[in-house]
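User: Hi! Could you walk me through this one? I'd like to start with the pockets.

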Amino acid sequence: MTEYRRRPWLADRAGAIHSFYYPTCVDEANGGFVAQLDAETGDVYDQHAKHVVATARFTTNFWRGLQFCAAESDATGTEFGDAPSTDTALQRQVERGVETLRSAFRDDRHGGYHWRLDGRTPVSSRRVCYGHAFVLLAFARAVSAGVDGAERGLADVASVLDDRFYEPSAELYSSEYDETWTDSEDYRGQNANMHACEALLATYEATDDRTHLDRATRLAERLCVDLTGPTDGRIWEHYTADWTHDFEYYRDSPADKFRPWGFQPGHHVEWAKLLGLLDRSHESAPDWLLPRARSLYDYAVTAGWDELYGGFHYTLDRNDEPIVDDKYGWPVAEAIGAAAVLYERTGERRYLADYDRFWNYAQRRLTAPAGNWYERVSRQGEPYDTSAGPAVEPGYHPIGACYESWRSFGRRPP
């Protein structure tokens with residue numbers, strides 16, 4: 001058995017990524033966290049920029065650290081990573097995330113959550129569903145950790161998502177408003193809904209309220225089944241206000257960070273992972289969940305994996321030809337998690353072979369000297385300079401890959 005499949009190795013690997021960010025990431029002056037660390041040196045290149053997505057992801061990462069510690073701790077606590085990060089220290093950082101989201105990012109005047117801050121001053125107050133989905137995820141995890149104020153935060157952001165973004169006729173969420181909730185963007189996107197599904201599943205795990213699981217499952221069915229007819233089972237990224245496929249939206253922006261044109265193999269494996277987690281969560285799962293998870297995974301690995309250099313192509317055109325040569329870390333991380341979850345749900349060892357292949361690439365091409373992951377590398381695996389902010393990926397995807405694999409292998413040892 002490879003070391004990648006060993007649960008202690010996964011906990012240590014997640015801890016190494018955590019140690020790259022912590023304690024440097026803690027902003028004692030302004031509260032919250034600093035995500036702008038140079039991937040090579042660990043130096044902070046922007047002390048003030050704060051993104052709601054990065055804040056929520058940091059909060060979730062610290063919660064994941066608590067789960068690793070809880071499983072292996074003794075009466076004196078357990079270290080998570082090279083830096084001394086006991087379960088008490090991790091709990092404090094989950095609390096810090098909750099406080100920052102509730103006091104700095106929440107808009108008491110108009111409701112909802114700011115997109116970006118400079119220190120504690122809002123510099124972008126767009127109301128973005130994608131960001132609110134991550135706030136819901138962070139509060140759900142904090143509720144599981146028993147953090148004071150997390151339940152109130154969870155109820156607040158859940159009501160914002162319900163009242164402002166959810167469209168009952170489509171059974172999906174809209175994308176964006178202005179600060180005063182006056183103007184709504186016509187664009188609709190699957191990415192925000194995918195993360196809403198992730199957050200709803202976490203909310204179900206935290207509250208045991210079946211309505212969240214039911215909505216997550218129906219949302220997944222809408223995007224992974226109902227809307228994939230015109231695209232031969234593949235998930236398109238962009239839609240019009242009435243949820244018609246928009247094949248021209250951002251056609252000239254195939255490398256956009258949030259809304260690239262084309263099919264994204266990374267989102268197909270991410271959905272495969274989520275469908276596997278939904279299958280786990282149901283006592284009697286809908287019969288479409290696992291077959292659909294398999295097919296989305298198989299498409300991503302067959303069409304999206306670069307057999308010459310490794311890694312997933314960022315985007316594919318409508319004929320499944322690669323568009324962008326660069327490789328990103330998050331699709332590989334999501335594929336690791338998907339392979340582990342699908343092995344857990346099916347027992348098929350082919351997923352373990354893929355899992356090892358993905359980790360081999362990640363260790364060889366995506367891992368920086370300090371143990372963190374590069375966000376983006378060239379097709380050949382050469383890293384790019386990362387000193388540009390504000391950052392939104394504070395190790396969230398690779399720590400998530402370790403955590404989901406650790407959970408799955410605890411349920412079905414490899």
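User: By class, how many nonpolar, polar and charged residues are in the lining of the second largest pocket?

Analyst: The lining has 11 nonpolar, 4 polar and 7 charged residues. In this scheme Ala, Val, Leu, Ile, Met, Phe, Trp, Tyr, Cys and Pro count as nonpolar, Asp, Glu, Lys and Arg as charged, and the others, Gly among them, as polar. Before we go on: this is a predicted model, where local features need pLDDT of at least 70 and side-chain atom pairs count only at pLDDT 80 or more, while totals for chains, interfaces and linings use all residues. Residues are numbered from 1 along each chain as its sequence is written, and side-chain values use heavy atoms, with hydrogens and water left out.

User: Thanks! Which residues lie nearest the centre of that second largest pocket?

Analyst: W115, R126, V128, F258 and R259 do, out of 22 lining residues. Helix 4 (129-144) and helix 6 (190-207) each supply at least two residues of the lining. The pocket holds about 340 Å³ of space. Helices (H or I, at least four residues) and strands (E, at least two) are DSSP runs, numbered from the N terminus.

User: What are the rules for a pocket and a cavity?

Analyst: Both come from a 1 Å grid over the protein atoms alone: a cavity is a set of points where a 1.4 Å probe fits but cannot get out, and a pocket is an open set with protein on both sides within 12 Å along at least five of seven lines. Lining residues have an atom within 4 Å of a point. Grid points are joined across faces, edges and corners, and a volume is the space filled by probe spheres set on the points.

User: How many cavities of 30 Å³ or more are there?

Analyst: The count is 5. About 230 Å³ of space lies in the largest cavity, and R57, Y130, K257, W330 and H397 lie nearest its centre among 17 lining residues. Helix 6 and helix 8 each give that lining at least two residues. Its classes come to 7 nonpolar, 5 polar and 5 charged.

User: And which residues lie nearest the centre of the second largest cavity?

Analyst: R141, E198, L277, E404 and R407, from a lining of 15 residues. Two or more lining residues come from each of helix 2 (52-72), helix 4, helix 6, helix 8 and helix 12 (396-411). The second largest cavity has about 120 Å³ of space, and its lining has 7 nonpolar, 1 polar and 7 charged residues.

User: New topic: the core. Which residues touch the most other members of the largest nonpolar core?

Analyst: W271, L275, Y297, F358 and W359, in a core of 136 residues. Helix 4 gives the most to this core, with 12 residues. A nonpolar core here is a set of buried Ala, Val, Leu, Ile, Met, Phe, Trp, Tyr and Cys residues joined through side-chain atoms within 4.5 Å. Buried means under 20% relative accessible area, exposed over 50%, and partly exposed in between (1.4 Å probe, protein chains only).

User: What does W359 touch?

Analyst: Leaving out residues up to four places away in sequence, W359 touches Y4, W9, L10, R13, I336, W373 and C402. Contact means heavy atoms within 4.5 Å.

User: How many aromatic pairs are there?

Analyst: The count comes to 37. Rings of Phe, Tyr and Trp (its six-membered ring) pair if their centres lie within 6.5 Å; planes under 30 degrees apart count as stacked, over 60 as edge-to-face and the rest as tilted. One of the pairs is F165 with Y177, edge-to-face at 5.8 Å centre to centre with 70° between the planes. F165 lies in helix 5 (residues 150-165) and Y177 in strand 7 (residues 176-177), so the pair ties together parts that are 12 residues apart in sequence. F165 and Y177 are both buried.

User: Why is the pair of W236 and F263 edge-to-face?

Analyst: Because the planes of W236 and F263 are at 80°, with ring centres 4.9 Å apart. W236 counts as buried because its relative accessibility is 0%, and F263 does so at 1%.
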